[in-house]
Amino acid sequence: MSEPTPLLVVGSVAIDSIKTPFGERERSLGGSATHFSVSASFFTEVGVVAVIGEDFTDEDEAVFHERRINTSNLQRIPGGKTFRWAGEYGFDLNTAHTLDTQLNVFADFNPNLSDTARKSPFLFLGNIQPTLQREVREQVDARFVAMDTMNLWIDTTRDELLKTIAVVDAIVINDAEARQLAEEPNLIRAARKILTWGPKLLVVKRGEYGAALFTKESYFATPAFPLESVFDPTGAGDSFAGGFMGYLAQADKIDETTLRRAIIYGSVMASYNVEEFSCDRLRKLQAEEIRARFHQFKEFTHFEI
Ligand code: AMP
């Protein structure tokens, strides 16, 4: 039997249709598991649990094979259609407006993980229906489990979502989702409330304003990397989560210092992801570029007392 990958992700593998104020793409490779795994693969080997249809081409699938991404739990359904999402952004690039969601092969997805995948020590439940997230969570004997979600699932499957939240160690969501989930307009109070539901830590992504880490005992926040041009914000959240979880899995420990570095690596990966459409920028990213921005973060957040 082969070795389990240090990190496993379940989420969508999608064909997106994206419109931003700077351009549009009719068929853009996307999905939470796709953006997450490409980003995390700069730090560790990642396994993807997802489902695709016949319309997902070999060229699409190359995104996984050209990096350290294990696809043995990526199912292809003959005659099926891949998950599709259409979204649009206005000048406020922090907010995606969903135009259309077609679950397609995800509607009947019944994940049954290989024995090897069940032993991955780090697990990320990417944005997908919360019952599916929990089915995967129950199969994996992971040491550290984090999850994402979105407004659609908070609106339509709240009870299921709360059951999934109760069985994870960390939640990584954006600020609007945290407020909506907690039914609390103040972000600090929202975070405190969510932390009473089971998770030990909450990471709040705040788009161009950065990210914050809340635990019951501590608080840490960083601005975002100051970019002059953001081209396509799709996948920013997932590439953030990929950098965050990828770094934790590589470090193989969870303590305050490692978590803070992971927040910065997440911010670095998101900052590169938004520079081009889809995963185009991360597909050509070099390790030195990640190191360079990581050090720049240290410089622009450091001050003397
Ligand atoms: P984000 O990182 O939040 O920008 O996520 C972007 C990705 O989420 C897109 O590539 C979409 O394919 C995917 N997505 C959008 N809506 C859903 C949904 N309801 N379930 C799963 N994935 C989704």
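This is a predicted model: local features need pLDDT of at least 70, side-chain atom pairs count only at pLDDT 80 or more; totals for chains, interfaces and linings use all residues.
At roughly what angle do the axes of helix H6 and helix H7 cross, and within what distance do they come?

1. Helix H6 covers residues 175–182 and helix H7 covers residues 187–194; their axes cross at roughly 60 degrees and come within 9 Å. That angle makes H6 oblique to H7. As for handedness, the crossing of H6 and H7 is left-handed.

2. A second pair is formed by helix H9, residues 256–273, and helix H11, residues 287–301, which pack with their axes 9 Å apart at an angle of about 120 degrees. H9 and H11 are therefore oblique to each other. Angles of 65 to 115 degrees would count as roughly perpendicular, and the angle here is about 120 degrees. The crossing of H9 and H11 is right-handed.

3. Helix H1, made of residues 32–40, packs against H8 with the two axes 7 Å apart and an angle of about 40 degrees between them. H1 is thus oblique to H8. The roughly parallel class takes angles under 35 degrees. H1 and H8 cross in a right-handed sense.

4. The ligand is surrounded by 19 residues, and the closest of them are Ser-12, Asp-16, Gly-31, Gly-235 and Asp-238. By residue type, this shell holds nine nonpolar, eight polar and two charged residues.

5. In Asp-16, a side-chain N or O atom lies 2.5 Å from an oxygen atom of the ligand. In Asp-238, the corresponding separation between a side-chain N or O atom and a ligand oxygen is 2.6 Å. The backbone also takes part: a polar backbone atom of Gly-237 is 3.2 Å from an oxygen atom of the ligand.

6. How much of the ligand's surface does the protein bury? Taken alone, the ligand exposes 510 Å², and 89% of that is buried by the protein.

7. Several elements give two or more residues to the shell around the ligand: strand S2 (14–20), strand S7 (83–88), helix H4 (151–156) and helix H8 (236–251). H8 gives the most, with three residues. The helix described in point 3 as packing against H1 is therefore also the one that gives the most to the ligand shell.

How values were computed
Residues are numbered from 1 along each chain as its sequence is written. Side-chain values use heavy atoms; hydrogens and water are left out. A residue is near a molecule or strand if one of its heavy atoms lies within 4 Å of it. A polar contact is a pair of N or O atoms within 3.5 Å; within protein, one must be able to donate a hydrogen and the other to accept it, and residues adjacent in sequence count only if both atoms are side-chain atoms. Accessible areas come from the Shrake-Rupley method with a 1.4 Å probe; for residues, only the protein chains shown count as cover. Helices (H or I, at least four residues) and strands (E, at least two) are DSSP runs, numbered from the N terminus. Ala, Val, Leu, Ile, Met, Phe, Trp, Tyr, Cys and Pro count as nonpolar, Asp, Glu, Lys and Arg as charged, and the others, Gly among them, as polar. Axes are lines fitted to C-alpha atoms, for helices over the stretch in contact, and angles run from 0 to 180 degrees between N-to-C directions. Angles under 35 degrees count as roughly parallel, over 145 as roughly antiparallel, 65 to 115 as roughly perpendicular and the rest as oblique. A crossing is left-handed if the near helix is turned anticlockwise from the far one by less than a right angle, and right-handed if clockwise.
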